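Please view the sequence and structure first, then read the points below, which are grouped by topic.

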Amino acid sequence: MRIIIVGGGKTGAALAVALTDEGHDVTVIEQDGDRLQSICANSDILGICGNGMNYSSLTEADIKDADILIAVTGSDEQNLLCCLFAKKTGHCSTIARVRNPIFLKENMFIREQIGLSMIINPELAAATEMSRLLRFPSAIEINTFAKGRLEQLTFKIPRGSVLDGKNLNHVRNKIESNLLFCSVQREGKFYIPSGNFELRAGDKASIIIEPMVAQKFFRKIGIETHAVKSAMLVGGGTMAYYLAQQLLHFGIHVKIIEIDSARCQELAEKLPDALVIQGDATDKELLLEEGLETTQAFVAITGFDEENILLSLYAREISDAKVITKINRIAFDSVIEKLELDSVIYPRHITAEYILQYVRAKQNAVGNNVENLYKLNEDEVEALEFKIGEKAPVVGIPLQDLPLKDNLLVCGINRQGKIRIPRGSDTIQPGDTVIVVTGQKKLDDVGDILKKS
């Protein structure tokens, strides 16, 4: 597909690389020449130095033959106008990044009036993911499938756990049958495990499970699952506002520390039930005075990655809080992994997942669309949810008889709202949605899970 990205910031650059890796023809329109050169230097990406609201720039990018335009500049208004001009000039689908809470209530109206295919709000999406983690703090990562009826939970197996040294068949037969271990990360390596795979303390294990069953399973293996009752948010930006809104809705006590006095006043007015403190969060004495040692959750969401990392490490050292760290820019994933920061949120990765999901669904003409897509284990593994059409090649055949590709698991079946963790004798039917976890890349259609004859 031909895809135009307007805006070459962190999100635009990440999208350009991800979509190019998926095999699409990508053109980036960016006004900063140095930034554009950096994006195009190491990838097969066409760069145009210009403004996405400029007709000549859109024409140079061949807007009339483009399939999708994605606007991710730093301005919501510019993103919306780029999409409007693209719809008037060409016949492509359009996606806009819109971050300002002012536009949130007008989401549907804006989509209809401008003809947008999708509005992406990275701050809201990241805040929603953080909120889920704080309501289930034992998890490092949580992704949802089947409209929330199934979850993919990643957790670290603690020392002394009943899971240590047990194979997956034992876990399913003796501890909990209604789950499936879909991936395991161990010492930098990733596995799609079979039933004989033996778990060890220190593994980061991902399971597919129903939310209510998850509570019971974690109690059985001795891991605390209760939602936090108090949270300290460091940084008072848009993401903090969205997150505080969600946490307050669930009855969680919220304290926000923000250095800018004008922003503090604004947050205090918009979030009257939250406690807003004006101060520098890098001041250890301030953190201690405000109860860092006793808070149940600590969320570092300032605008500086280095500050977020250092604050999170300090919080882990002096408290038992659930710690969440936002990282926007730093690309040293292997180093960050060794720091054991608990849960790390990358807003630009969340944005890329949403857009990749849309792109894969759009290029599929068979009707077995990608409903959900998540990148797991540092992009080594993908979890996908497919909608099954009438002519899908997997329909009606027991799973044990399907020639599935290696390094792939069918982890869940949603049939008219009824969830099944599948066994070998189960079949997939038209209308189902099916969750697949795989080390294979670029699966666009459910038929791609089968070996080619």
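At 34% relative accessibility, D280 is classed as partly exposed. The model described here is predicted. D280 sits in the loop that runs between β14 (275–278) and α11 (284–289), and together with D283, E285 and E289 it belongs to a patch of negative charge on the surface.

- The chain is divided into domain 1 (2–120), domain 2 (126–220), domain 3 (230–345) and domain 4 (370–449).
- Between the C-alpha centres of domain 1 and domain 4 the distance is 31 Å.
- L376 belongs to strand β18 (residues 370–376), and L376 is buried because its relative accessible area is 1%.
- The C-alpha atom of L376 is separated by 8.7 Å from that of S183, although the two residues are 193 residues apart along the chain.

**Salt bridges**

- The count of salt bridges comes to 16.
- E176 and K220 form a salt bridge in which the closest N and O atoms are 3.4 Å apart.
- This pair links distant parts of the chain, 44 residues apart: E176 is in the loop between α7 (168–175) and β9 (179–186), and K220 is in helix α8 (residues 211–220).
- E176 is buried, with a relative accessible area of 6%, whereas K220 counts as partly exposed at 42%.
- D203 and R186 form a salt bridge with the closest N and O atoms 2.7 Å apart.
- D203, in the loop between β10 (189–191) and β11 (204–209), is 17 residues apart from R186 in strand β9, and the pair links distant parts of the chain.
- Both D203 and R186 are buried.
- K451 and D406 meet through their side chains in a salt bridge of 3.5 Å, N to O.
- Here K451 lies in the segment after β22 (433–438) and D406 in the loop between β19 (381–387) and β20 (408–415), 45 residues apart.
- K451 is partly exposed at 45% relative accessibility, while D406 is exposed at 52%.

**Positive phi angles in loops**

- K147, a residue other than glycine, has a positive phi near 55°.
- K147 is in the loop between β7 (141–145) and β8 (150–156), and K147 is exposed, with a relative accessible area of 75%.
- D342, also a residue other than glycine, has a positive phi near 85°.
- The loop between α13 (333–338) and β17 (343–345) holds D342, which is partly exposed at 24% relative accessible area.

Conventions
Residues are numbered from 1 along each chain as its sequence is written. This is a predicted model: local features need pLDDT of at least 70, side-chain atom pairs count only at pLDDT 80 or more; totals for chains, interfaces and linings use all residues. Side-chain values use heavy atoms; hydrogens and water are left out. Patches are made of residues with over 30% relative accessible area and no salt bridge: like charges are joined within 9 Å, nonpolar side chains (Val, Leu, Ile, Met, Phe, Trp, Tyr) within 5 Å. Accessible areas come from the Shrake-Rupley method with a 1.4 Å probe; for residues, only the protein chains shown count as cover. A salt bridge is a side-chain nitrogen of Lys or Arg within 4 Å of a carboxyl oxygen of Asp or Glu. Lys and Arg count as positive and Asp and Glu as negative; His and the chain ends are not counted. The place of a charge is taken as NZ of Lys, CZ of Arg, CG of Asp or CD of Glu. Helices (H or I, at least four residues) and strands (E, at least two) are DSSP runs, numbered from the N terminus. Buried means under 20% relative accessible area, exposed over 50%, partly exposed in between (1.4 Å probe, protein chains only). Domain bounds come from an automatic or database domain assignment.
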